[in-house]
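I opened the model to look up its pockets, its metal site and a few parts of its fold. My entries follow in the order I made them.

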Amino acid sequence: MLLTNGRIYTMETADTAGAVVDTLVLRDGRVAFAGRRGDVNAAAGEPEIDLGGRAVLPGLVDAHGHLMYLARARLSLDVGGLGSEESVARLVGTAAARARPGEWLGGRGWDQNVWPGRLFPTRASLDREAPRHPVALVRVDGHATWCNSAALHAAGITRDTADPGGGIVVRDARGEPTGLLIDAAQRLVQRAEPLPSEERFDQAVRDAIAQCLVTGLTGIHEMGATLFALASYRRLIERGQFPFRNYVAVAGRSEETWDYYRERGPEVIGDGLVTVGALKLLSDGALGSRGAALHSPYCDDPENRGLLLIPSEELGRLTEDALARDFQVCVHAIGDRANTLTLDAFERALARRPEARALRPRVEHAQILAEEDIPRFRALGVLPSMQPTHCTSDMEWAVERLGPDRLKGAYAWRSLLDTGVVIPGGSDFPVESPNPFHGIYAAVARRPLSGEARDWQPEQRMTREEAVRAFTSWNAYASHQEAALGSLTAGKRADLIVCSDDVFTCAEERIAGIAPVLTLIGGEIVHRGDRSPV
Ligand SMILES: [Zn+2]
């Protein structure tokens with residue numbers, strides 16, 4: 001296939017504008033030529049596509065997404081975007097009226113930070129609306145689950161249930177569980193909730209992939225997949241129904257998954273479609289549910305410094321074990337204390353095993369950093385994998401949690417880039433939308449999608465060049481795939497998007513609205529948008 005008359009950003013060299021070509025020749029799933037039309041041998045006879053002057057980028061990759069959770073979310077109630085606890089409960093009541101008696105009602109997406117009073121919900125409202133169905137609703141960030149009494153009963157949770165390590169069963173003044181389970185305590189109810197059938201889950205994965213493709217994503221790094229999800233990906237690849245690249249970090253909290261891969265070692269499934277190459281660990285919770293581990297207490301909860309999900313020695317032991325087995329390690333760390341302890345654990349592990357630096361350990365989120373920790377990423381060779389839309393979603397209320405001083409080290413992209421690191425970019429979908437152009441816009445504008453100017457440390461913004469790299473070449477580096485992905489030059493995989501607008505030259509407020517008009521993965525057309533050239 002020959003694509004010509006485009007503005008093709010190869011992203012190969014540091015000078016983006018200097019690396020624009022008008023023609024690509026694709027053969028056997030790879031780029032065979034990137035350059036000027038006049039330099040292509042016309043006798044080759046490839047089918048020719050006229051790009052009509054449109055901008056082309058390497059396929060965008062999300063360095064932190066959850067395909068498995070996006071698929072599960074498609075099979076459960078969407079309770080996002082609702083303005084009060086009562087409105088969520090009423091939606092659940094409507095679903096219960098249609099459900100079979102006793103059927104579990106799972107859901108996802110509530111956020112008390114957008115409700116009046118910003119208080120956590122309790123089981124009472126769900127019990128009123130759905131007394132006979134177990135209900136388990138995951139908070140938008142995945143770090144808390146809101147249950148009704150039937151779900152607590154099915155999970156065996158009573159006033160006598162102890163808090164598991166790294167989790168809290170929230171209780172009322174009389175010691176009774178309120179229905180809210182934070183971080184590791186969610187496992188108690190997850191174990192009781194039935195998994196979907198293979199057929200339903202496979203279809204949901206296909207739908208989730210289609211949902212990603214329309215945004216311009218050609219792949220993700222999945223931060224925590226289980227054997228159940230990987231079995232589905234394998235089935236879909238065998239049937240030719242997995243048009244997507246997924247670099248998988250196996251879920252460390254699913255013991256059977258890590259036990260399996262720890263023995264087996266890294267694995268590639270399909271022709272580079274799924275690569276299992278990393279271990280995902282969680283060191284703390286999240287800011288929204290006050291589970292992020294901080295050095296000093298929360299400003300709006302003065303007794304609370306957050307939750308450590310893994311004791312520091314255990315984190316060090318797991319990290320060393322994974323590195324010894326050739327797995328990259330990706331550790332979720334949101335609060336400044338979790339980041340310090342994670343960097344400490346990496347430092348100790350790399351001191352004992354210096355060659356493991358080549359595995360490029362990652363901190364996922366690196367959201368709130370103590371000033372003295374910022375240069376440690378570069379010094380240790382650790383990548384801060386960050387989600388620009390978290391900044392623009394959280395800033396509104398993050399100041400209440402952190403106060404103005406700590407906010408200086410929050411989402412500190414510029415401070416990190418100035419030390420010489422690269423920042424893999426992602427969305428943490430389904431926490432945020434998977435749309436990578438929302439992330440690119442958030443990174444360059446540091447404003448909410450509405451575009452309102454806010455004083456959210458505009459000095460921490462990325463340039464457009466950096467923001468696009470955060471979703472292309474820097475992500476390829478972060479998954480050890482820079483020889484095959486992340487730029488468009490001869491020999492690389494032909495993963496690319498033809499864009500509705502040019503992200504480098506359009507007005508800033510148009511960036512978030514860019515969509516692919518044509519998407520290719522491995523040289524195959526996997527998505528056609530409006531105004532597709534073919
Ligand atoms: Zn995540």
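**Second largest pocket**

I began with the lining of the second largest pocket, where α12 gives the most, with 5 residues. Helices (H or I, at least four residues) and strands (E, at least two) are DSSP runs, numbered from the N terminus. The model is predicted, so I noted the limits: local features need pLDDT of at least 70, side-chain atom pairs count only at pLDDT 80 or more, and totals for chains, interfaces and linings use all residues. Residues are numbered from 1 along each chain as its sequence is written, and side-chain values use heavy atoms, with hydrogens and water left out.

The space in this second largest pocket comes to about 500 Å³. I noted that D111, V140, S393, D394 and E432 are the closest to its centre among the 30 residues that line the pocket. Two or more lining residues come from each of β10 (105–110) and α12 (388–407). I sorted the lining of the second largest pocket by class and have 10 nonpolar, 12 polar and 8 charged residues. For these classes, Ala, Val, Leu, Ile, Met, Phe, Trp, Tyr, Cys and Pro count as nonpolar, Asp, Glu, Lys and Arg as charged, and the others, Gly among them, as polar.

The search runs on a 1 Å grid over the protein atoms alone: a cavity is a set of points where a 1.4 Å probe fits but cannot get out, and a pocket is an open set with protein on both sides within 12 Å along at least five of seven lines; lining residues have an atom within 4 Å of a point. Grid points are joined across faces, edges and corners, and a volume is the space filled by probe spheres set on the points.

**Cavities**

How many cavities of 30 Å³ or more are there by this rule? I count 2.

The largest cavity holds about 160 Å³ of space. Its lining has 23 residues, and V61, R245, Q481, L485 and G486 lie nearest the centre. At least two lining residues come from each of β15 (217–225), β16 (245–251) and α16 (473–478), and β15 gives the most, with 4. By class I have 7 nonpolar, 13 polar and 3 charged residues in the lining of the largest cavity.

The second largest cavity holds about 40 Å³. I listed its lining as S283, L308, I310, P311, S312, L315, A338, L341 and T342. Both α9 (312–324) and α10 (336–352) give two or more residues to this lining, with α10 giving the most, 3 residues. The lining of the second largest cavity divides into 6 nonpolar, 3 polar and no charged residues.

**Zinc site**

Which protein atoms are the donors of the zinc ion? I find H64 (NE2), H66 (NE2) and D428 (OD), at 2.1 to 2.2 Å from the ion. Donors here are N, O and S atoms within 2.8 Å of the metal (3.2 Å for Na, K and Ca); water is not among the atoms, so sites may look incomplete. The spacing of the donor residues in sequence is H-x1-H-x361-D. Both H64 and H66 are buried (under 20% relative accessible area; exposed is over 50%, partly exposed in between; 1.4 Å probe, protein chains only).

**Sheet**

I traced an open sheet of 6 strands in the order β9-β10-β11-β12-β14-β13, with mixed pairing. Its edge strands, β9 (77–78) and β13 (167–171), each pair on one side only. Two strands pair if DSSP finds at least two bridges between them. β11 (135–139) and β12 (144–147) are antiparallel over 3 bridges, and A136 has C147 of β12 as its bridge partner.

R139 lies in β11 and is buried, at 2% relative accessible area. Its side chain makes a polar contact with that of Q112 at 2.9 Å (a pair of N or O atoms within 3.5 Å; within protein, one must be able to donate a hydrogen and the other to accept it, and residues adjacent in sequence count only if both atoms are side-chain atoms).

L180 is found in β14 (177–183) and is buried, at 1%.

**Helix α14**

I found 10 of the 10 residues of α14 (436–445) buried, so this helix is largely enclosed by the rest of the structure. N435 caps the N-terminal end of α14, with a side-chain oxygen 2.8 Å from the backbone nitrogen of F437. After α14 comes R446, with a positive phi near 50°.
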